[in-house]
Amino acid sequence: MNQLRIVLLLAIVVISSSFTEPNVYNDGYKIGDKAVDFKLKNVDGNTVSLADYKEAKGFLVIFTCNGCPYANAYEDRIIALDKKYKEKGVPVIAINPNNPSIQPDESFTKMQERASAKGYTFPYLVDKDQKISPVYGAQRTPHCFLLEKTSSGNIVKYIGAIDDNYQDETAVETTYVEDAIDAMLQGNDIEIKSTKAIGCSIKI
C-alpha cells in the first residue's frame, strides 16, 4: 500500500510539473516563456552569456550558420539589424547549432573565418553538442528569437523569420523582426508574434 501511495504521489508531481514548465526539449519556447541563459564559446575564444549584457533591454538570438544559402542571403541583414538595434539596447547574439561532424563547413575554424570575412559586429557562438538549440526550439537557419529583458528574466516576445522575402531584400513587404523590436522598445503589443522560419534544417 505504501509503495502504491508513493507511485501515486510521484505521478501527481509529474503531472503538476507539466502544467508549470514548458516541454522545451520537445516543443521549444512559446511566446511569453522565460528563456534560459547560456554560456557559449565565441569565435574570439571568449565565452558569452546574456548575463554579460548588463545594460541590454533585450536580445535578438538568431540560430544561423556558415553554409546554408538562406543564412547567407540574410547575413547582411543580420549585420544591419545588429548595427541598428544594439545601440538601442537589443544586440544580436548569433549561435551556430549545426554539428560539424555532419557538416564540416560548420567547424569552429570555419566559423571564425566566416565572421572575419564578413566583419561580424556581433558574437557568433558555437552550440557545442547542440544543447541550446533544442531548448529554444530552433529548427532552421536562420531562426530568430526576440527576448525582452525583464526583472523576472528574458521573456520570449517573437519567434520566426527575419522578414517575408529571403531572396530579395528590396522586395520585402513585412520586416517581422524590426517591427517586433520597435514595438517592444516602445512598450506596445507586437502585432505579429510568430512566423514560420524559412531556411535549412539544423544538422544534429
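Which cysteine pairs with Cys68 in a disulfide? The partner is Cys200, with the two sulfur atoms 2.2 Å apart. Keep in mind that this is a predicted model. The protein chain carries six helices and ten strands, and a search of the whole structure turns up one disulfide. Below is a quick tour, starting with the chain as a whole and then moving on to the cysteines, a helix pair and a few residues worth a look.

**The chain as a whole**

- The protein chain has 204 residues, and buried ones make up 44% of them.
- Take the contacts between residues at least 6 apart in sequence: 74% of these join residues at least 24 apart.

- The Cys68–Cys200 disulfide is right-handed, because the torsion about its S-S bond is about 85°.
- Cys68 sits in the loop between strand 4 (58–63) and helix 3 (69–85), while Cys200 belongs to strand 10 (residues 200–201), so the bond ties together parts that are 132 residues apart in sequence.
- A disulfide here needs the sulfur atoms within 2.5 Å.
- Cys65 is also buried, with a relative accessible area of 4%.
- Cys144 is buried too, and its relative accessible area is 0%.

**Helix 3 against helix 6**

- Two packed helices are described by the angle between their axes and the distance between the axes.
- For helix 3 and helix 6 (residues 176–186), the axes come within 12 Å and cross at roughly 15°.
- Angles under 35 degrees count as roughly parallel, so helix 3 and helix 6 are roughly parallel to each other.
- Is the crossing of helix 3 and helix 6 left-handed or right-handed? The crossing is right-handed.
- On the helix 3 side, the residues that meet helix 6 are Leu81, Lys84 and Tyr85. Helix 6 brings Val177, Glu178, Ile181, Asp182 and Leu185 to the meeting.

- Asn99 lies in the loop between strand 5 (92–96) and helix 4 (108–118).
- Is Asn99 buried or exposed? At 15% relative accessibility, Asn99 counts as buried.
- Setting aside neighbours within four places in sequence, Asn99 is in contact with Gln130, Lys203 and Ile204.

**Asp129 and Gln130**

- Asp129 is in the loop between strand 6 (124–126) and helix 5, and Gln130 is in the loop between strand 6 and helix 5 as well.
- Each has a positive phi despite not being glycine: Asp129 has phi near 65°, and Gln130 has phi near 50°.
- Their surroundings are another matter. Asp129 is exposed at 52% relative accessibility, whereas Gln130 is buried at 13%.
- Gln130 is also one of the residues that Asn99 contacts.

**Ser133**

- Ser133 is part of helix 5 (residues 133–136).
- How is Ser133 placed, buried or exposed? Ser133 is buried, and its relative accessible area is 2%.
- Leaving out residues up to four places away in sequence, Ser133 touches Phe63, Pro97, Asp127 and Ala138.
- Gly28 is 105 residues from Ser133 along the chain, and their C-alpha atoms are separated by 8.6 Å.

**The cis peptide bond**

- Which residues does the cis peptide bond join? The bond joins Thr141 and Pro142, and omega is about 0°.
- Pro142 falls in the loop between strand 7 (140–141) and strand 8 (143–150).

Methods
Residues numbered from 1 in each chain as written. Predicted model: local features only at pLDDT ≥ 70, side-chain atom pairs only at ≥ 80, totals over all residues. Heavy atoms only, no water. Helix = DSSP H or I, 4+ residues; strand = E, 2+ residues; numbered from the N terminus. Buried < 20%, exposed > 50% of the residue type's maximum accessible area, 1.4 Å probe, protein only. Contact = heavy atoms within 4.5 Å. Axes fitted to C-alpha atoms, helices over the stretch in contact; angles between N-to-C directions. Parallel < 35°, antiparallel > 145°, perpendicular 65-115°, else oblique. Left-handed = near helix turned anticlockwise from the far one by under 90°.
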